[in-house]
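Thank you for making the time this morning. I would like to take you through one structure, beginning with the whole chain and then turning to single residues.

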Amino acid sequence: GWFVAAFALVGVGGYLVAWPVPFEPVAWSPARAPSLPANDALAKVERIGGDLPGPESIAIDAEGRIFTGLGDGRVVQVARDGTVTLMATTGGRPLGMQFDRTGRLIVADAVRGLLAIAKDGSISVLATEQGGVPFRFVDDLEIASDGTIYFSDASHRFGVHDFRDDALEHRPNGRLLAYHPDGRTELIRGELFFANGVALSADESFVLVNETWAYRVTRIWLSGERRGTSEVFADNLPGFPDNITRSPRGDRFWLALFAPRNPRLDSLADKPFLRKVVARLPAALQPKPARHAIVLALDENGAIVENLQDPTATSYSPITSALEHGGQLYLGSLWRREIAVLPAP
């Protein structure tokens, strides 16, 4: 008996220490997470739907109709009474989306690439690679007034089902790209730590991109004296930044935080070997995001000017997107089955 137990123990130890993992982590040093004053501003959101698996991002057309993309590949219209109408099925995982001036719905599909869905539901693939590097995780987008689509490829190494590996590796595998009206796809900025949400300033002088694993938002200048340069716009955020959208008021950006910072994960930042061990653990023993709804508003200098939360176990979370339209704030989620709505502060 003791021999079998010892042999099993050695086997488990060997597995945790030496079993190959699909990434090579690097050490880094996050700043201490800032405290965020708690509140329950998101406790009484209206929930629309009920059978929407993961309405991750919201788009609203010129007529004010609500659309979202789901975990099963459907892109649907959702009425305020919860009625769902199919627009198209991408066969992938539709994430960020926005209507262009011609009425097409442009979709960042994590699996299929940058897509355009016509009013009749037909799908065109706009781009699947840049510079010979295929997209692995097209994530979010915003369309400029000249028709240029700025979009993120969260990681060129890991896809939507392997995002935890990208987090544990902590290498800058993400890119911000631009799809031009003439069909060219241009690299705007590489070396990003999980390039996620994308938003343009009101005057389109700069574009913001969220770096989820680095807890920050990066600004890249598109015009003026600083054109082509980049800088940190909002640093050391209290959670994992997901999507970001500009308010139609023009003076703020709505930032969805997927979850608060995880102290266990931060404590592993400078321990690459232990991060490999964590990856070998059963999923139930790995660090998990807390169920805690957080949406922030940042001003044009990156300072927090609104702080909306619900820390309860029944909160609408994780929140992956926040879109202001017509005085309402529409929230999306990777795992909930409804869209949430509340009056915009």
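What follows is a walk from the overall fold to a few selected positions.

Please keep in mind that this is a predicted model, in which local features need pLDDT of at least 70 and side-chain atom pairs count only at pLDDT 80 or more, while totals for chains, interfaces and linings use all residues. Residues are numbered from 1 along each chain as its sequence is written, and side-chain values use heavy atoms, with hydrogens and water left out.

Let me start with the chain as a whole, which has four helices and 26 strands; here helices (H or I, at least four residues) and strands (E, at least two) are DSSP runs, numbered from the N terminus. The radius of gyration is 20 Å, close to the 20 Å that the globule rule gives for 345 residues, so the chain is as compact as a globular protein of that length. That radius is taken over C-alpha atoms, and the globule rule is 2.2 Å times the number of residues to the power 0.38. Along the principal axes, the C-alpha atoms fill a box of roughly 70 × 45 × 40 Å.

How much of the chain counts as buried? Of the 345 residues, 52% do, where buried means under 20% relative accessible area, exposed means over 50%, and partly exposed lies in between, with a 1.4 Å probe and protein chains only. Turning to contacts, meaning heavy atoms within 4.5 Å, we find that residues 24 or more positions apart account for 52% of those with a separation of 6 or more.

Now to the interior. In soluble globular proteins, nonpolar side chains tend to be buried together. If we look at Val-295 and leave out residues up to four places away in sequence, its contacts include Leu-42, Trp-254, Leu-255, Ile-319 and Leu-331.

Strand E24 also holds Ser-321, which is buried, with a relative accessible area of 4%. Which residue lies 78 residues from Ser-321 in sequence, with the two C-alpha atoms 4.9 Å apart in space? It is Asn-243, and Asn-243 is also among the residues that Ser-321 touches, together with Glu-56, Ala-256 and Tyr-330.

Another proline, Pro-289, lies in the loop between helix H4 (272-280) and E22, and at 34% relative accessibility it counts as partly exposed. Beyond residues up to four places away in sequence, Pro-289 touches Phe-258, Ala-259 and Trp-335.

Trp-335 is also one of the residues touched by Gly-54, alongside Gly-69, Arg-93 and Ser-333 among others. Gly-54 is found in the loop between strand E1 (46-49) and strand E2 (58-60) and counts as buried, at 3% relative accessibility.

Phe-194 has a positive phi of about 60 degrees although it is not a glycine, and its place is in the loop between strand E15 (185-192) and strand E16 (195-200). Glu-204, in the loop between E16 and strand E17 (206-211), likewise has a positive phi of about 60 degrees without being a glycine. Are these two positions buried or exposed, or in between? Phe-194 counts as buried at 5% relative accessibility, whereas Glu-204, at 25%, counts as partly exposed.
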